[in-house]
Amino acid sequence: HGRALFVDLHGHVGDQIELGYSLTGTNLRTLANGNDITNLIAKSTMVNYMTKRSPAIFQGMIMGDAAFGTLLENEGIPAMPSKQKKAPLSGVSFFSGGYISDRYGAVAYPGVYGFQMECHPSIRNAERSAFVKTFAKLIMQYLENTTF
């Protein structure tokens with residue numbers, strides 16, 4: 001179909017889902033202030049999605065109404081970045097992504113965009129069944145919001 005959304009799903013010991021777009025906590029704080037958007041697009045896993053879009057929508061895709069983290073937060077699932085939690089505080093660790101997101105979210109793979117998800121233990125254990133249903137619903141909603 002000429003496009004693909006990747007979600008690289010992992011687990012961590014934190015208390016929220018952390019969405020890695022190959023943007024560090026410092027990058028997210030910069031983006032939250034509306035600064036350096038063009039450079040942040042170029043280093044993010046959304047670079048291919050943004051190729052035919054105005055840079056003005058990038059901040060919203062990461063931490064606005066259209067952001068996957070915001071969709072999770074709206075369902076009562078703590079997530080960052082999101083409209084509710086744009087960036088970690090300075091000095092607080094944050095999973096920005098890893099090999100898969102850096103490789104497949106790059107310009108070498110046109111039409112591919114996405115993020116790494118670091119899920120907290122309750123989602124991986126006791127709440128797994130409910131989370132999977134919510135995740136499936138939200139991925140469909142996100143795909144509708146991010147059509148090429």
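Reply: The model is a predicted one.

Me: Which residues of helix H1 (residues 25-32) are called buried?

Reply: They are Gly25, Asn27, Leu28 and Leu31. The term requires under 20% relative accessible area.

Me: What makes the buried residues of H1 line one face of the helix?

Reply: Viewed down the axis of H1, the buried residues fall within an arc of 155°, so they line one face. In general, an α-helix has 3.6 residues a turn, so residues three or four places apart point the same way. Just after H1, Gly34 adopts a positive phi of about 80°.

Me: Why are strand E1 (4-11) and strand E3 (79-80) called edge strands?

Reply: Each of E1 and E3 pairs on one side only. The open sheet has 4 strands in the order E1-E4-E2-E3, with mixed pairing.

Me: How do you know that strand E2 (residues 17-20) and strand E4 (residues 112-119) pair?

Reply: Pairing requires at least two bridges. E2 and E4 are joined by 3 bridges, so they pair, and they run antiparallel. Leu19 stands opposite Met117 in E4.

Me: Why is Tyr99 called exposed?

Reply: Exposed means over 50% relative accessible area. Tyr99 has 58%, so the term applies. Tyr99 lies in helix H6 (residues 99-104), and together with Ile100 and Tyr104 makes a nonpolar surface patch of about 300 Å².

Definitions and conventions: Residues numbered from 1 in each chain as written. Predicted model: local features only at pLDDT ≥ 70, side-chain atom pairs only at ≥ 80, totals over all residues. Heavy atoms only, no water. Buried < 20%, exposed > 50% of the residue type's maximum accessible area, 1.4 Å probe, protein only. Helix = DSSP H or I, 4+ residues; strand = E, 2+ residues; numbered from the N terminus. Arc of directions from axis to C-beta. Patch = residues over 30% accessible without salt bridge, like charges linked within 9 Å, V, L, I, M, F, W, Y side chains within 5 Å. Areas by Shrake-Rupley, 256 points an atom, 1.4 Å probe, with all protein chains shown as cover. Salt bridge = Lys/Arg side-chain N within 4 Å of Asp/Glu carboxyl O.
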